[in-house]
Structures are given as C-alpha cells and as structure tokens.
Amino acid sequence: MSKENKLTPRSQDFNDWYNAVVQMADLADYGPVRGTMIVKPYGWAIWENIQKALDTRFKATGVENAGFPMFIPLSFLQKEAKHIEGFAPELAIVTHGGGEELAEPLVVRPTSETIIGHAYSNWVQSYRDLPILINLWNSVVRWEMRTKLFLRTLEFYWQEGHTAHATSEEADARTRMMLDVYTDFAVNEAAVPVIPGEKSEMERFAGAVQTTTIEAMMGDGKALQAATSHNLGQNFAKAFEIQYLDENNQQQFAWTTSWGLSTRFIGAIIMTHGDDNGLVLPPNIAPIQVVVVPIYKTDDDKAALIAAANKLAQELKDAEITVKVDARENLSPGFKFNDWEMRGVPVRLELGPRDLENNAVVAARRDIPGRDGKQSLSLDGLAPNIQALLSEIQANLLAKATQFREDNTHAAASMEEFEQAVKTGFARVWWAGDTEDEIAIKEKTKATLRCFPHQQPGGNGICFYTGKPADRIAIFARAY
RNA sequence: CGGGGCGUAGCGCAGCCUGGCAGCGCACCGCGUUUGGGACGCGGGGGUCGGAGGUUCAAAUCCUCUCGCCCCGACCA
C-alpha cells in the first residue's frame, strides 16, 4: 500500500473525508468563482441516472418537460411578499446587458415559481385548461454564504416541477404524489432511506402554504433534506392572476404546487453509503455497475485474458448490465482495485490465468470490503449471477443505511435526552412548540425541526420542551 | 461579514523565523523489467513561489494592500 493518495478515514474527519471523496472519486471540482462547482463526467453520469429514474416516474404521472428563461424581471419576485422576503438575500442580479444599464434589473432564477406564474396566467382561461403539469430540468442560482460541493453551491442543477389545478384537493394530492415519487426513488433506486413528512412553519418554502420533505440521515448522524414538495395554495395564483372560469362561469384562482430534487442528492448518496475506501454507489444509480480487471504476466496471457474479459463484458452488456473493462497498461491490479473502490463501482471482477483455467472469475462486492466480499463464480451463466449479486448489494445498502438510522434515532422526553440524541443523530419528540421555541432550540443545540413525519404513532403526548399536550411527533436533528 | 488556518510544478508539501542558484514525494514523458490488493530501475519535462506595490545590491523569505480557498459562526436545496 502506497503512503500517498490516502483518503482521510470517515470516522476521523467526516467533512475532510467528504471533500476528498468528491475529488478523488472524480465526481466534481471547484469552479474558478467562489462557491461554484464543475461537475465532472463521472459525477454527471450519476446525475443522468438520477434524471432517468425521476423523469420516467414524472412522466408516468402525466408530467411534461419544458424550458423556461433563466432571467426573471425583479418585479416578478416582488409580487409575492413572502417569496421575495425569503429569496432577496441570495439573489444574483443582472444590471447590465449589451453594454447598457438595464431599465429593470433581471434576477438569475433562484427558482421559477414567478416566471411560471406569469406564463400560467396567460395559458389558463378555463377549467378545461387545467391541470397544467410541467417539469423543468435546469440550474438555479442562490448566492450562499458557505458552500460545499454538491450540498450547497452558488449554482446547482435540479428539476423543478410546477403544476396548476382547479381545486385545493387536487393540488394537495399532487403535492403528496410527488413526495411519494421522491420517496420511491430515494429508497428503491438510491437505497437512501428517508422520512417523508411535513415542514414546520419556520422551515416552510417562501410563499408556500405547506412544504413536505424527505429527510435522510447522513453517515455522521446529521440530517439532509433530500427533496421537497410544496403546496402553494393560491398564493402565486393570486400574485400572478392565474384565473379560470369554472363550470358555473365563475372566476376562480387556480391552486399550484412545486417540487424539486437537486444535485445535492448526489451528496446524500456519498454521505449515506461511502466508507473509508471511498465512494459506494447503489447498483441502480452507478454509471458503471461492474468493472473487469484482467490480470496477466506474459504477453500470451495478456492477449488471452483481455479477449476473455471483453467476451465476458459483452455477455453482461447483453444482460443490460453496465460494464467496463480496465485494460489500462502499466497499472498494477492492486492499484486498479483501489481505484475502482474509490469510485464506488458495486462489483469488480478479477480475471487472471488461474481463473481462466478454472473457467471462473473472482467477484468482489464493494459493500463488503476485503476478502469477505470476494467469491469465485463460474463463467458459465455468469450474467444471472451478477444480476443477483447487484440486487443483493442494492438491498444490503438500503438495509445497512436503514439500520444505521434506527440505531441513531432516539426518543427524547426531556431537554437532556434531546441534547444527547441530536449529538449523534435524530431526536423523536412530542412537539407543541411554536416558531420562537424552534429558534430557541436551534440556538441552544444547533438542531432544527426536520419534519413532522407523515407516519405518526397516533395518540397524544407531552411536548418535551413546552410541557404542553402534543398530538404530533417531530424529528429534530442537526442538518446540512 | 466576524474568528481561525492556508496559498511555492497537476496533487501533497519543505524552504520563510535568520533575504543570497526554487527543492522533495506522488503524478507526467521515454526505455527496460514487472503485473492475483496502491511495482521497480535508469533517463527526462514541467515554476512569472496567488496578485499588486514597497524596502534592499539582492525578496518565495521582510513591510503594506489585495484576491482566493478551507474550517468554525450568522444564512440556506
């Protein structure tokens, strides 16, 4: 083992580990402007797989994709009081264009509710025009103070869905439906267990009536908001006059929703599954599911092994598995093993002369490091076995992450118990406090109200903080 | 924006205190030997020492200003 290029152990310094993994796994790099990010091809390939998984699900619910301008008149944002109040501090504003000062400053979209509202007001006349179900794949800009690759950068890539409906009930149903989509994606594709729930008034999106969220626990016990789905009520419809004539020839305001998931989710995957050897990718999201490392001594061996590796790779490709053969010269097998582990490839196949003699190959699974994760598989009927192995890894990652979250989630009935719980993970508490209480708790413990889980135990309890009777459980945690 | 740390080859760093030829490891290029958990030998290439100004015979080194990055706070997907 070489002394150089060693990754900081995750347990030693989680933050340092994260930054190193992002760069050493070739996911992203820093841009020339503070707080900006260059997403490298391998990182982007993960994003593309996330996009594919989400886009399919969106379209299955009737959503269509569209493109909207990045420049928004500043006056648009000012039409919704809470919205501008929430976003004003983090706007990037364009004051000049074509060498001239602009009559009205343009903001670089921090999100598109306002320009969507403008368009929808033109598009909607009748109840027959509803619902409108549109999604945008784009990037947005928010001038953040402290940035971190994938988790918080000045510009980030995401999707933002925007829908308009005739009734409150429909908007509410759409808000829930999209949160369900995110939950399904997170759990079944990214193997990231999440808690779907509702945000408190304090944590709500600027301009929303209700914000729902999926919250995940990272490897250091901190919470990450992995996606949100907002019920905007009639706030934006009123600000932008999205009105329609109903069946009774009465003017009505529409009801709108918005929902988004960003490249931040890549950060969630890194911090949920990664280990001391680097990135660990769930097979369903991994750009490369299987890497084949041929091992040889002589030139004769080399030719035979590379041929065998390519043949094997083709068999796997035919079975819809994404494979790469690492035939790089002058790199030792040991180096390649470590290299692909750093990049989180779920399965590595080691193919050497001994294996070829036995008509076999050594399969090493990324989720179980070292010798324990290795087994010899016959080259006959390999594809189904690899399929099964990938499924097993997918399931194991979810099980491990879920177990970790459970182990680090504690019920708290007192401030002492609460502080202990949020030191290492989530606190589950009965809650009847208000915004001021949330602020006080944040100042004292750094923990924030992540959500009121949709899945409630039922019954009543005593609020751990105010001592008042409470009918809801809340999750508190330190958060990213 | 406040507190702390740091900018020297692609990466990681030494040199700075006490001014005097810009170095080391990894990576990179060439040749040869190697290849089942981060190979080795020999030979090479690569730097306006973050930037500007100042002090000095002489500045990576001392002084002033400035830009940027990382960590901790306030703000947040």
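**Entry 1: domains and confidence**

I began with the distance between two domains: 40 Å separate the centres of domain 1 and domain 2, taken over C-alpha atoms. Chain A is divided into domain 1 (14-273), domain 2 (290-392) and domain 3 (409-477), with bounds that come from an automatic or database domain assignment.

I noted that this is a predicted model, where local features need pLDDT of at least 70, side-chain atom pairs count only at pLDDT 80 or more, and totals for chains, interfaces and linings use all residues. Residues are numbered from 1 along each chain as its sequence is written, chains are lettered from A and ligands numbered from 1 in the order in which they are written, and side-chain values use heavy atoms, with hydrogens and water left out.

I then looked up the confidence. Chain A averages a pLDDT of 94, and 99% of its residues score at least 70; pLDDT is the predictor's confidence in each residue, from 0 to 100. The model scores ipTM 0.85 and pTM 0.95.

**Entry 2**

Before reading any sheet, I wrote down the terms. Helices (H or I, at least four residues) and strands (E, at least two) are DSSP runs, numbered from the N terminus. Two strands pair if DSSP finds at least two bridges between them.

I traced an open sheet of 11 strands in the order β3-β7-β8-β14-β11-β10-β9-β22-β25-β21-β20, with mixed pairing. Its edge strands are β3 (64-66) and β20 (409-411), each pairing on one side only. Neighbouring strands here are turned by 30° against each other on average, direction ignored; the axes are lines fitted to C-alpha atoms, for helices over the stretch in contact, and angles run from 0 to 180 degrees between N-to-C directions.

I followed strand β8 (residues 155-165) to strand β14 (residues 255-262): they run antiparallel and are joined by 8 bridges. In this pair, E160 stands opposite G260 in β14. Helix α5 (residues 113-123) lies across β7 (132-141), β8, β11 and β14, at about 30° to β8. For contact I use heavy atoms within 4.5 Å.

**Entry 3: strand β10**

Which residues point each way from β10? I found Q210, T212, I214 and A216 on one side, T211, T213, E215 and M217 on the other, and all are buried. Buried means under 20% relative accessible area, exposed over 50%, and partly exposed in between (1.4 Å probe, protein chains only). Because 8 of the 8 residues of β10 (residues 210-217) are buried, the strand is largely enclosed by the rest of the structure.

I checked its partners next. Strand β9 (residues 195-198) pairs with β10 in the antiparallel sense over 4 bridges, and P196 stands opposite I214 in β10. β10 also pairs with strand β11 (residues 223-233), again antiparallel, over 8 bridges; here M217 stands opposite A223. The hairpin of β10 and β11 has 5 residues between the strands, and in it G221 takes a positive phi near 90°.

**Entry 4: the sheet of 5 strands**

I moved on to an open sheet of 5 strands, ordered β16-β15-β17-β18-β19, with mixed pairing. β16 (323-325) and β19 (374-378) stand at the edges with a single partner strand each, so one side of each is left without a neighbour in the sheet. The twist averages 25° from one strand to the next.

Strand β15 (residues 290-294) and strand β17 (residues 347-351) pair in the parallel sense over 5 bridges, with P294 opposite L351 in β17.

I looked up two helices here. Helix α12 (residues 382-407) lies across β15, β17, β18 (360-365) and β19, at about 10° to β18. Helix α10 (residues 333-342) lies across β15, β16 and β17, at about 170° to β15. The buried residues of α10 are K336, F337, D339, W340, E341 and M342, and they pack against α1 (14-24), β15, β16 and β17. After α10 comes G344, whose phi is positive, near 80°.

**Entry 5: the cores**

In soluble globular proteins, nonpolar side chains tend to be buried together. I counted as a nonpolar core a set of buried Ala, Val, Leu, Ile, Met, Phe, Trp, Tyr and Cys residues joined through side-chain atoms within 4.5 Å.

The largest has 59 residues, and L27, I50, F150, L261, F265 and I270 have the most contacts inside it. Its largest share, 7 residues, comes from helix α2 (residues 41-60). Domain 1 and domain 2 both give residues to this core, so it lies between them.
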